[in-house]
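Please take a look at the chain shown here before reading on. The paragraphs that follow go through it step by step.

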Amino acid sequence: MEIQRKNLNKHFTSVGFTLVFAILVAGFLAVVGASIAGLALKGLDLASSARESNTAFYAADAGAECAMYQDLQANAFSEPVQETTKSPIVCDGKSAVITTVGTGTETIKNSFQFNFDKGACVTVDVYKNDVGRDGFNVKTTIMSRGRNVACSSRKPIIVERGLKAEYSY
């Protein structure tokens with residue numbers, strides 16, 4: 001009887017150890033799994049953020065390119081008219097109205113904005129500064145701000161990227 005009892009105690013001790021070991025391994029695997037899931041979610045957030053940032057950047061780039069083209073090819077911002085609305089320009093197949101505001105005797109601010117088909121928006125300010133006040137040596141500064149959402153959007157999170165271009169002629 002004594003021999004059977006020792007074997008029985010040994011068996012229960014072995015089963016207890018196996019249960020504790022199984023719980024420890026399961027806990028370790030749960031922690032590792034949760035860590036991997038957390039890293040995957042952070043990766044998704046980063047990828048989504050990068051996509052939204054690229055959308056805003058490319059909108060700003062398209063706005064700056066449109067403003068340069070309209071200035072250098074169509075001379076759309078040359079008239080030094082104070083506080084008026086000029087005829088619309090076309091960028092990316094969209095019509096944009098230029099609003100001109102005189103900010104002093106030397107600098108004129110022209111502004112326009114438009115939405116892209118993919119939901120992005122751009123707002124462009126073109127500053128013309130006639131340094132010599134003679135029509136020569138005109139400094140142009142283009143400030144283009146692209147957003148990842150439409151111009152009229154009220155979303156709480158908006159990504160905005162800006163570009164600045166300067167040139168004289």
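Where does Asn75 lie? Asn75 is found in the loop between α1 and β1 (84-85), where helices (H or I, at least four residues) and strands (E, at least two) are DSSP runs numbered from the N terminus. This is a predicted model, in which local features need pLDDT of at least 70 and side-chain atom pairs count only at pLDDT 80 or more, while totals for chains, interfaces and linings use all residues. Residues are numbered from 1 along each chain as its sequence is written, and side-chain values use heavy atoms, with hydrogens and water left out.

Asn75 has a positive phi of about 55 degrees although it is not a glycine. Most residues other than glycine have a negative phi. Asn75 is partly exposed, with a relative accessible area of 44%; here buried means under 20% relative accessible area, exposed over 50%, and partly exposed in between, with a 1.4 Å probe and protein chains only. Asp92 also has a positive phi of about 55 degrees without being a glycine, and this residue is found in the loop between β2 and β3 (94-96). At 51% relative accessibility, Asp92 counts as exposed.

The chain holds one helix and eight strands, and from the N terminus on its elements run α-β-β-β-β-β-β-β-β. Of its 169 residues, 27% count as buried. Among contacts (heavy atoms within 4.5 Å) between residues at least 6 apart in sequence, 41% join residues at least 24 apart. The chain exposes about 11300 Å², of which carbon and sulfur atoms supply 61%; such areas come from the Shrake-Rupley method with a 1.4 Å probe, and for residues only the protein chains shown count as cover.

Which residues touch the most other members of the largest nonpolar core? In this core of 20 residues they are Ala67, Phe77, Ile89, Phe112, Phe114, Val124 and Ile142, where a nonpolar core is a set of buried Ala, Val, Leu, Ile, Met, Phe, Trp, Tyr and Cys residues joined through side-chain atoms within 4.5 Å. Two or more residues of this core come from each of the elements α1, β2 (89-91), β5 (107-115), β6 (121-130) and β8 (160-168), and the largest share, four residues, comes from α1. In soluble globular proteins, nonpolar side chains tend to be buried together. Leaving out residues up to four places away in sequence, Phe114 touches Cys91, Asp92, Lys94, Ala96, Ala120, Cys121, Val122 and Cys151.

Helix α1 (residues 2-72) also contains Phe28, which is exposed with a relative accessible area of 55%. Phe28 belongs to a nonpolar surface patch of about 720 Å², made together with Phe17, Phe21, Val25, Leu29, Val32 and Ile36. Patches are made of residues with over 30% relative accessible area and no salt bridge, with like charges joined within 9 Å and nonpolar side chains (Val, Leu, Ile, Met, Phe, Trp, Tyr) within 5 Å.

Polar side chains are the next topic. Asn110 is found in strand β5 and is buried, with a relative accessible area of 0%. Its side chain makes a polar contact of 2.7 Å with the side chain of Thr100; a polar contact is a pair of N or O atoms within 3.5 Å, where within protein one must be able to donate a hydrogen and the other to accept it, and residues adjacent in sequence count only if both atoms are side-chain atoms. Thr140 lies in strand β7 (residues 138-147) and likewise counts as buried, at 0% relative accessibility. The side chains of Thr140 and Lys128 are joined by a polar contact of 3.0 Å.

How many salt bridges are there? The count comes to seven, a salt bridge being a side-chain nitrogen of Lys or Arg within 4 Å of a carboxyl oxygen of Asp or Glu. Asp125 and Arg145 meet in one of 3.2 Å, N to O, which links strand β6 with strand β7 across 20 residues. Asp125 is buried at 8% relative accessible area, whereas Arg145 is partly exposed at 28%. The side chains of Arg147 and Glu160 meet in a salt bridge of 3.1 Å, N to O. Arg147 lies in strand β7 and Glu160 in strand β8, so this pair ties together parts that are 13 residues apart in sequence.
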